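Colleague: I would like to go through a helix pair with you, one feature at a time. Please give the general idea where there is one, then the case at hand.

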Amino acid sequence: MSGLGLLAAVAMFALTNVFAGMLPTTFTGDAQLAVWLVALVVAIASYIAVEQAMAGTR
């Protein structure tokens, strides 16, 4: 578990929420949960991608 992978995951989670916040609608209830879950999946995918890229360079 590297710091760079965690940094990428946190950044992608935040960016996904920022993008959702820029959409001209208000997310409440189940829609907010869906945005949070999509952000979590994106964060996990970016963590895995960074870790795989780091493993390829070692």
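This is a predicted model: local features need pLDDT of at least 70, side-chain atom pairs count only at pLDDT 80 or more; totals for chains, interfaces and linings use all residues.

Colleague: How many residues does helix 1 have, and what does it reach from its first C-alpha to its last?

Modeller: Helix 1 covers residues 3–22, which is 20 residues, and reaches 28 Å between its first and last C-alpha. That is close to the 28 Å expected at 1.5 Å a residue.

Colleague: What should helix 2 span at 1.5 Å a residue, and how far apart are its end C-alpha atoms?

Modeller: Helix 2 has 28 residues, so it should span 40 Å; its end C-alpha atoms are 41 Å apart, which agrees.

Colleague: Which residues of helix 1 are buried?

Modeller: The cut-off for buried is under 20% relative accessible area, and exposed means over 50%. In helix 1 the buried residues are Gly5, Ala8, Ala9, Thr16 and Ala20. Around the axis they cover an arc of only 100°, so they sit on the same side of helix 1.

Colleague: Which residues are exposed on the other side of helix 1?

Modeller: Gly3, Leu7, Val10, Leu15, Gly21 and Met22 are exposed there. Take glycine 3, which has its place in helix 1. Its relative accessible area is 54%, and glycine 3 therefore counts as exposed. Glycine 3 and alanine 34 are 31 residues apart in sequence, and their C-alpha atoms are 27 Å apart in space.

Colleague: What do the buried residues of helix 1 pack against?

Modeller: They pack against helix 2, residues 30–57.

Colleague: How are two packed helices described?

Modeller: One gives the angle between their axes and the distance between the axes. Here helix 1 and helix 2 pack at an angle of about 150°, and their axes are 8 Å apart. That angle makes helix 1 roughly antiparallel to helix 2. As for handedness, helix 1 passes helix 2 in a right-handed crossing.

Colleague: Which residues meet between helix 1 and helix 2?

Modeller: From helix 1 the list is Leu4, Gly5, Leu6, Ala8, Ala9, Met12, Phe13, Thr16, Asn17 and Ala20. They meet Val35, Trp36, Val38, Ala39, Leu40, Val42, Ala43, Ser46, Tyr47, Val50, Glu51 and Met54 in helix 2.

Colleague: Let us look at single residues from that list. Is threonine 16 buried or exposed?

Modeller: Threonine 16, in helix 1, has a relative accessible area of 18% and is therefore buried. Setting aside neighbours within four places in sequence, threonine 16 is in contact with Val38, Ala39 and Val42.

Colleague: What is the relative accessible area of valine 38?

Modeller: Valine 38 belongs to helix 2. Its relative accessible area is 47%, so valine 38 is partly exposed.

Colleague: What does alanine 39 touch, not counting residues up to four places away in sequence?

Modeller: Alanine 39 touches Phe13, Thr16 and Asn17 on that count. Its place is in helix 2, and alanine 39 is buried because its relative accessible area is 0%. The C-alpha atoms of alanine 39 and alanine 14, 25 residues apart along the chain, lie 7.7 Å from each other.

Colleague: Which residues is valine 50 in contact with, leaving aside its neighbours within four places in sequence?

Modeller: Valine 50, also a residue of helix 2, is in contact with Leu4, Gly5 and Ala8. The C-alpha atoms of valine 50 and leucine 4 are separated by 7.5 Å, and the two residues are 46 residues apart along the chain.

Terms used: Residues are numbered from 1 along each chain as its sequence is written. Side-chain values use heavy atoms; hydrogens and water are left out. Helices (H or I, at least four residues) and strands (E, at least two) are DSSP runs, numbered from the N terminus. The expected span of a helix is 1.5 Å times one less than its number of residues. Buried means under 20% relative accessible area, exposed over 50%, partly exposed in between (1.4 Å probe, protein chains only). The arc is that of the directions from the helix axis to the C-beta atoms. Contact means heavy atoms within 4.5 Å. Axes are lines fitted to C-alpha atoms, for helices over the stretch in contact, and angles run from 0 to 180 degrees between N-to-C directions. Angles under 35 degrees count as roughly parallel, over 145 as roughly antiparallel, 65 to 115 as roughly perpendicular and the rest as oblique. A crossing is left-handed if the near helix is turned anticlockwise from the far one by less than a right angle, and right-handed if clockwise.
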